[in-house]
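Biologist: I'm new to this one, could you bring it up and walk me through it?

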Amino acid sequence: RQVGTEKRKMLKITDSRIGVTAEALSGINIIKMNSWEPQMSERIQDNRVEEMKLGRKVLFLMTINNWLLFIAPTLIALAVFAAYALSSGEELTIVTVYTVLA
């Protein structure tokens with residue numbers, strides 16, 4: 001859920017950056033005539049920096065999510081076998097492991 005929230009924030013900033021870029025391109029003659037290139041470039045760059053920051057956060061959250069989905073079955077199996085070994089007091093044999101995993 002948090003990945004979606006952060007992605008929506010990133011898309012709003014992307015839209016803002018694209019809007020500023022389109023504005024700059026549509027009024028390029030006025031920008032050049034008044035020497036506003038540094039200001040427009042700074043506005044675009046500020047949006048891009050924020051967009052990249054949120055993009056990294058989204059990728060980090062997606063990586064954690066994928067890692068947890070990958071490692072969860074192994075952790076669950078380990079917890080089941082540990083609980084069995086501790087609660088039953090019996091020796092954990094390969095036959096028991098195959099039976100549980102099947």
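Biologist: What should I know before we start?

Modeller: This is a predicted model, where local features need pLDDT of at least 70 and side-chain atom pairs count only at pLDDT 80 or more, while totals for chains, interfaces and linings use all residues. Residues are numbered from 1 along each chain as its sequence is written, and side-chain values use heavy atoms, with hydrogens and water left out.

Biologist: OK, how many salt bridges does the count come to?

Modeller: The count comes to 7 salt bridges, a salt bridge being a side-chain nitrogen of Lys or Arg within 4 Å of a carboxyl oxygen of Asp or Glu. One of them joins Lys57 to Glu6, with the closest N and O atoms 3.5 Å apart.

Biologist: And which helices do Lys57 and Glu6 lie in?

Modeller: Lys57 lies in helix H3 and Glu6 in helix H1 (residues 2-26), so the pair ties together parts that are 51 residues apart in sequence. Helices here are DSSP runs (H or I, at least four residues), numbered from the N terminus.

Biologist: Is Glu6 buried or exposed?

Modeller: Glu6 counts as buried because its relative accessibility is 3%, whereas Lys57, at 37%, counts as partly exposed. Buried means under 20% relative accessible area, exposed over 50%, and partly exposed in between, with a 1.4 Å probe and protein chains only.

Biologist: Switching topic, how do H3 and H4 cross?

Modeller: The axes of H3 and helix H4 (residues 94-101) come within 12 Å and cross at roughly 135°. Axes are lines fitted to C-alpha atoms, for helices over the stretch in contact, and angles run from 0 to 180 degrees between N-to-C directions. H3 and H4 are therefore oblique to each other, as angles under 35 degrees count as roughly parallel, over 145 as roughly antiparallel, 65 to 115 as roughly perpendicular and the rest as oblique.

Biologist: Last one, where does Phe60 lie?

Modeller: Phe60 lies in helix H3 (residues 37-88), and at 53% relative accessibility Phe60 counts as exposed.

How values were computed: Helices (H or I, at least four residues) and strands (E, at least two) are DSSP runs, numbered from the N terminus.
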